[in-house]
Amino acid sequence: MGAKKDPKAGAKVPAKAPKKKEGGGGKAKKKKWSKGKSRDKLNNLVLFDQNTYDKLYKEVPTYKLITPSIVSERLKVRGSLARRALLELTEKGLIRQVVAHRSQFIYTRVTRDDEDEEAAAAEGGVVVEKPKQQKKGKKEKKAEAEAAAAEASAEAE
C-alpha cells in the first residue's frame, strides 16, 4: 500500500479573502491642496480724520466694554492708533480702565457710581476727618472786619 495523499495539500485556501468594493470605480483621484482661505486686506486709517475723531469722542465712551480691538474694528483705525486714543480718553476721564494686562487693556464707560468710587479712592478709601478750624481770637476777627470794610469802601469809589 502506498502512502495516503493529503486532500488539503493541493487546495490552498487563503486565511481571509479581501472583499471587493461594491463601488466598482477605478483608482481614486489624488487630493488637490487648497491655496488657503484669503482674507480681505483691511484698509484701516493710520491717522484720525476729523469725522473719525469726533466719532471717537461721541460713541466710544458709551460702549460698555472698550478694548483697542473693538475700537479698531468699529472705527476702522489701526490698533496702535486705537491704543493711543483710549489712553487719551482715560486721561480726560471719559472712560475708566478695568484691567491692565501687558497685551490687552480693558476699559469701561464712566458712570455715576464710578465717580463716587474714584473720589473715595483719592481719599485713600478711609474715612478722613476734616481738621477742625481753630477759633479766631478777638484781634483776628477785628482785623478781618476792618479789611472787609476797606475793600467795600474801595469798591464804592
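Helices are DSSP runs of H or I with at least four residues, strands are DSSP runs of E with at least two, and both are numbered from the N terminus.

**View 1. The loop between H2 and H3 in the predicted model, with Lys 76.** In this predicted model, Lys 76 is located in the loop that lies between H2 and H3. Its phi is positive, about 60°, although Lys 76 is not a glycine. Most residues other than glycine have a negative phi.

**View 2. The whole chain, for orientation.** The chain holds five helices and two strands, and from the N terminus on these elements follow one another in the order α-α-α-β-β-α-α. Of the 157 residues, 15% are buried, while the accessible surface of the chain amounts to about 15200 Å², with 53% of that surface belonging to carbon and sulfur atoms. When contacts between residues at least 6 apart in sequence are considered, 49% of them join residues at least 24 apart.

**View 3. The largest nonpolar core.** This core has 15 residues, and those that touch the most other members are Leu 56, Val 60, Ile 66, Val 71 and Leu 86. Helix H2 (68–75) and helix H3 (79–91) each contribute at least two residues to the core, and the largest share, five residues, is supplied by H3.

**View 4. The surroundings of Ile 66.** Neighbours within four places in sequence are left aside here, and the remaining contacts of Ile 66 are with Val 60, Val 71, Leu 86, Ile 95, Phe 105, Ile 106, Tyr 107, Thr 108 and Arg 109. Among these partners, Val 60, Val 71 and Leu 86 also belong, like Ile 66 itself, to the core residues that touch the most other members.

**View 5. The two sides of H3.** The buried residues of H3 are Leu 81, Ala 82, Ala 85, Leu 86 and Leu 89. Because these residues cover an arc of only 135° around the axis, they lie on the same side of H3. On the other side of H3, Arg 84 and Glu 91 are exposed. The cover over the buried residues of H3 includes helix H1 (50–59), H2, strand E1 (95–100) and strand E2 (105–109).

**View 6. The length of H3 and the residue that comes after the helix.** At 1.5 Å a residue, the 13 residues of H3 should span 18 Å, and the end C-alpha atoms of the helix are 19 Å apart, which agrees with that expectation. After H3 comes Gly 93, whose phi is positive and near 80°.

Methods:
Residues are numbered from 1 along each chain as its sequence is written. This is a predicted model: local features need pLDDT of at least 70, side-chain atom pairs count only at pLDDT 80 or more; totals for chains, interfaces and linings use all residues. Side-chain values use heavy atoms; hydrogens and water are left out. Buried means under 20% relative accessible area, exposed over 50%, partly exposed in between (1.4 Å probe, protein chains only). Contact means heavy atoms within 4.5 Å. Accessible areas come from the Shrake-Rupley method with a 1.4 Å probe; for residues, only the protein chains shown count as cover. A nonpolar core is a set of buried Ala, Val, Leu, Ile, Met, Phe, Trp, Tyr and Cys residues joined through side-chain atoms within 4.5 Å. The expected span of a helix is 1.5 Å times one less than its number of residues. The arc is that of the directions from the helix axis to the C-beta atoms.
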